[in-house]
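Me: I would like a close look at one part of this structure, with the parts around it described in turn. Please keep it plain.

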Amino acid sequence: MPDQFEDLREAEELSEDEERLLDELGITGESRRRFLGQVGVAGFSIFAMQVIAQRQALAAGGTYSEAAADPISLENAVKVVFKVNGEKKTVEVDSRMTLLDTLREKLDLTGSKKGCDHGQCGACTVIADGQRVLSCLTLAATCEGKEVTTIEGLAKGEELHPMQSAFIKYDAFQCGYCTPGQICSAVALIDEAARGDASYVTAVEGGSNTKLSDDDIRERMSGNICRCGAYPNILKAVKEVHKGEETAATWKFHRPDEKAGADKEVADETV
Ligand code: FES
Ligand code: FES
């Protein structure tokens with residue numbers, strides 16, 4: 001029975017060109033259902049759209065590199081006017097294009113990262129009208145008239161946003177891939193606390209909505225995954241900006257002239 005539903009969904013949602021492309025790739029039957037289950041029909045449609053557009057450009061006599069660079073012909077194009085980092089932007093996008101792809105591919109704002117593209121890691125977090133949103137799950141077409149802030153829009157010229165400075169101060173990253181999303185999330189979290197928005201922790205365990213406990217900060221940041229495990233330092237950075245309290249650093253620079261035995265990282269137990 002579930003297979004019949006899968007077949008129906010597949011038949012309804014794939015165009016003839018997309019069906020043909022899957023056949024050409026040798027993805028049929030059960031492996032087709034598994035493949036579509038993993039990448040999603042919408043994700044495959046975007047890939048297929050690019051391949052088909054490039055083939056059309058090649059058929060019209062272009063070279064491969066011209067075809068690859070050729071703008072994808074838009075189906076159901078929509079014009080979106082919105083503000084990004086304080087500047088008015090007008091883009092024409094496919095109605096299925098996400099905010100993340102629009103920022104990265106159309107506006108060259110590549111600070112927001114694509115981690116999972118499925119709303120599970122938080123690497124793509126940006127701020128839209130003061131609220132954190134996962135830009136990989138937000139259609140650009142829904143952003144008409146909104147104000148979007150990305151990691152590129154937080155600093156004022158050369159002056160970093162306090163949250164950016166705190167992340168550097170507390171060494172709150174390793175590879176840095178999750179960091180733009182972590183910082184955007186943390187900046188919006190501070191505003192949420194200022195507004196007194198409740199979280200699961202304050203709703204269930206009590207406490208203050210405006211003066212966040214460590215557990216509350218952890219809960220509110222739980223949508224942002226860090227594969228490097230920089231969580232303890234992320235917490236310290238967010239705490240400092242939220243409470244205005246400096247938390248002592250837990251490491252020191254190596255100084256070769258220090259006595260033997262003292263020339264290793266020193267753990268400070270005050271935190
Ligand atoms: S890329 Fe958006 S949540 Fe992972
Ligand atoms: S710093 Fe590497 S994923 Fe967070």
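How many bridges join S3 to S4, and do these strands run parallel or antiparallel?

Reply: The model is a predicted one. In it, S3 and S4 are joined by four bridges, and the two strands run antiparallel. Two of the facing positions can be named. Ile 127 stands opposite Arg 132 in S4, and Ala 128 has Gln 131 in S4 as its bridge partner. S3 and S4 form a hairpin with two residues between the strands. In this hairpin Asp 129 takes a positive phi, near 50 degrees.

Phi of Asp 108 is near 55 degrees, which is a positive value in a residue other than glycine. Asp 108 has 8 C-beta neighbours inside 10 Å and therefore counts as exposed, the limit for that class being 12 or fewer. Asp 117 is also placed in the loop between H6 and S3. Its phi is positive too, near 65 degrees, and Asp 117 is likewise a residue other than glycine. Asp 117, however, counts as partly exposed, because it has 18 C-beta neighbours inside 10 Å.

From H8 the description can be carried on to another helix. The axes of helix H8 (residues 179–195) and helix H11 (residues 231–243) come within 10 Å and cross at roughly 35 degrees. The crossing in which H8 passes H11 is right-handed. On the H8 side the contact involves Gln 182, Ala 186, Leu 189, Ile 190 and Ala 193, and these meet Ile 234, Val 238, Val 241 and His 242 in H11. Sorted by class, the residues of this contact are seven nonpolar, two polar and no charged.

The axes of helix H7 (residues 162–169) and H11 come within 8 Å, and their crossing angle is roughly 140 degrees. H7 and H11 are therefore oblique to each other, since angles over 145 degrees are needed to count as roughly antiparallel. This crossing of H7 and H11 is right-handed. H7 contributes Pro 162, Met 163, Ala 166 and Phe 167 to the contact, while H11 contributes Ala 237, Glu 240 and Val 241. By class, the contact of H7 with H11 has six nonpolar residues, no polar ones and one charged. Val 241 of H11 is named in the contact with H8 and also in the contact with H7.

Conventions: Residues are numbered from 1 along each chain as its sequence is written. Chains are lettered from A and ligands numbered from 1 in the order in which they are written. This is a predicted model: local features need pLDDT of at least 70, side-chain atom pairs count only at pLDDT 80 or more; totals for chains, interfaces and linings use all residues. Axes are lines fitted to C-alpha atoms, for helices over the stretch in contact, and angles run from 0 to 180 degrees between N-to-C directions. A crossing is left-handed if the near helix is turned anticlockwise from the far one by less than a right angle, and right-handed if clockwise. Two residues are in contact if their C-beta atoms, placed from the backbone, lie within 7 Å. Ala, Val, Leu, Ile, Met, Phe, Trp, Tyr, Cys and Pro count as nonpolar, Asp, Glu, Lys and Arg as charged, and the others, Gly among them, as polar. Angles under 35 degrees count as roughly parallel, over 145 as roughly antiparallel, 65 to 115 as roughly perpendicular and the rest as oblique. A residue is buried if 20 or more other C-beta atoms lie within 10 Å of its own, exposed if 12 or fewer, and partly exposed in between; C-beta atoms are placed from the backbone. Two strands pair if DSSP finds at least two bridges between them.
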